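Student: Please take me through this entry one question at a time, and let each answer rest on stated cut-offs.

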Amino acid sequence: MGASDPEVAPWLRCGAGGMVGAGPGAGGAEPGAQPGAGMWGLQPPRPPQSSSRGVEAAAVAALGSGDGSAATEALFLALGAGVTALSHPLFYVKLLIQVGHEPLPPTVGTNVLGRKVFYLPNFFTYARYIVQVDGKRGLFRGLGPRLMSSALSTLSRGSVKKAFPLEELEHVSNRDDVKTSLRKVVKETSHEMVMQCVSRVLSHPLHVISMRCMVQFVGREVKYSSVLSSIGKIFKEEGLLGFFVGLIPHLLGDVVFLWGCNLLAHFINAYLVDDSFSQALAVRSYTKFVMGIAVSMLTYPFLLVGDLMAVNNCGLLVGLPPYSPVFKSWIHCWRYLSMQGQLFRGSSLLFRRISAASSFSID
């Protein structure tokens, strides 16, 4: 779970030019093309874009191109809004799991070894519960500010890309050009990092509002309703900094993801994939995709901590004792989750196995 949406496919987090290594001039990628293709001369496979970031990647490409008309921009914003709306129930359930809200008891099942284990409700069971409580419209709680956050993220990335276009770099393709290609990766990753950070900062206030609207489900509160009233409440109670709680771990997660994914893919392609191998180009085209998935797993705790900080100590039940400690900083939150063994809470929505010895006992 726009560019600021945490739930979005992480390997597409970078937008159109983000998975660095995109052919000559990353800014000229085709809308919807998987970033990082042109460096090795082959278009990589397009992963299933089940979230708004895939559409946003295409939108950013259009916004950054010279022929991006107002109609094209509006089209991609509309497509992005549609996919964001469709994926919202998934994001909503994931957030409730992240904050530790488990209204349904676990069920007993068996693992592949035939041993009895406890499973918490999966996404579909959890979503049915929300519908029982709030109706079908309840699955779209907090959608309004999230749509605004996504649109602002897309527009800001496109604006930064236009204002600071990436210079065309020399095409490189083999290990004889490792130093040259590394410079290319560093330059493109730095450019993408600036776009991502600007986008994250500008869209984060709306992200915070969306988070708080959704977690009101836990305590049945109505403190945060419309965007305007939420802005007034946050500014009055927390000041300007209240709009940016949880921003630092999100930014750190973005930066670690970008550099980790792109550098790992570069070194694997340069040193482990031999040019004499008949399928070298095909392998290289998949490398960045696979690295994106792997690195996103490692950076998930940043996402979790950022989301928890956004709703902590904000006057809602889910962010106050005894439901949750009041965290002094995001580092305090990280340490608490680490001690509880919960740094990856919410990372899985289908097979949510829990330790039988932790809280329950099997008869």
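Student: In S3, which residue is the bridge partner of tyrosine 119?

Tutor: Residues are numbered from 1 along each chain as its sequence is written, and side-chain values use heavy atoms, with hydrogens and water left out. Helices (H or I, at least four residues) and strands (E, at least two) are DSSP runs numbered from the N terminus, and S2 and S3 (residues 352–354) run antiparallel with three bridges joining them. Within S3, the bridge partner of tyrosine 119 is arginine 353.

Student: How many bridges join S1 to S2?

Tutor: Two strands pair if DSSP finds at least two bridges between them. Strand S1 (residues 107–110) and strand S2 (residues 116–120) run antiparallel, and the number of bridges joining them is four.

Student: Which strands stand at the edges of the sheet, and why is one side of each without a neighbour?

Tutor: The open sheet has three strands in the order S1-S2-S3, with antiparallel pairing. Each edge strand has a single partner strand, so one side of it is left without a neighbour in the sheet, and these edge strands are S1 and S3.

Student: Which residue takes a positive phi in the hairpin of S1 and S2?

Tutor: Between the two strands of this hairpin lie five residues. The positive phi, near 85°, belongs to glycine 114.

Student: What distance separates the C-alpha atoms of valine 108 and tyrosine 119?

Tutor: Valine 108 has its place in strand S1, and, leaving aside neighbours within four places in sequence, it is in contact (heavy atoms within 4.5 Å) with Lys116, Val117 and Phe118. Tyrosine 119 is eleven residues from valine 108 along the chain, and their C-alpha atoms are separated by 6.2 Å.

Student: At what angle do the axes of helices H2 and H3 cross?

Tutor: Among the residues that meet here are Leu90 and Val93 in H2, and Phe123 and Ile130 in H3. Axes are lines fitted to C-alpha atoms, for helices over the stretch in contact, and angles run from 0 to 180 degrees between N-to-C directions. The axes of H2 (residues 70–98) and H3 (residues 123–134) come within 10 Å and cross at roughly 95°.

Student: What is the relative accessible area of valine 201?

Tutor: Valine 201 is found in helix H5 (residues 178–219), and, not counting residues up to four places away in sequence, it touches Phe244, Leu247 and Leu251. Buried means under 20% relative accessible area, exposed over 50%, and partly exposed in between, with a 1.4 Å probe and protein chains only. Valine 201 counts as partly exposed because its relative accessible area is 32%.

Student: What share of the residues score a pLDDT of at least 70?

Tutor: Where pLDDT is low, the predicted coordinates should not be read in detail. The chain averages a pLDDT of 79, and the share of residues that score at least 70 is 73%.

Student: How many contacts beyond near neighbours in sequence does the stretch of residues 6–68 have in the model?

Tutor: Over residues 6–68 the pLDDT is below 50. Even so, beyond near neighbours in sequence, the number of contacts this stretch has in the model is 188.

Terms used: Predicted model: local features only at pLDDT ≥ 70, side-chain atom pairs only at ≥ 80, totals over all residues. pLDDT = per-residue confidence, 0-100.
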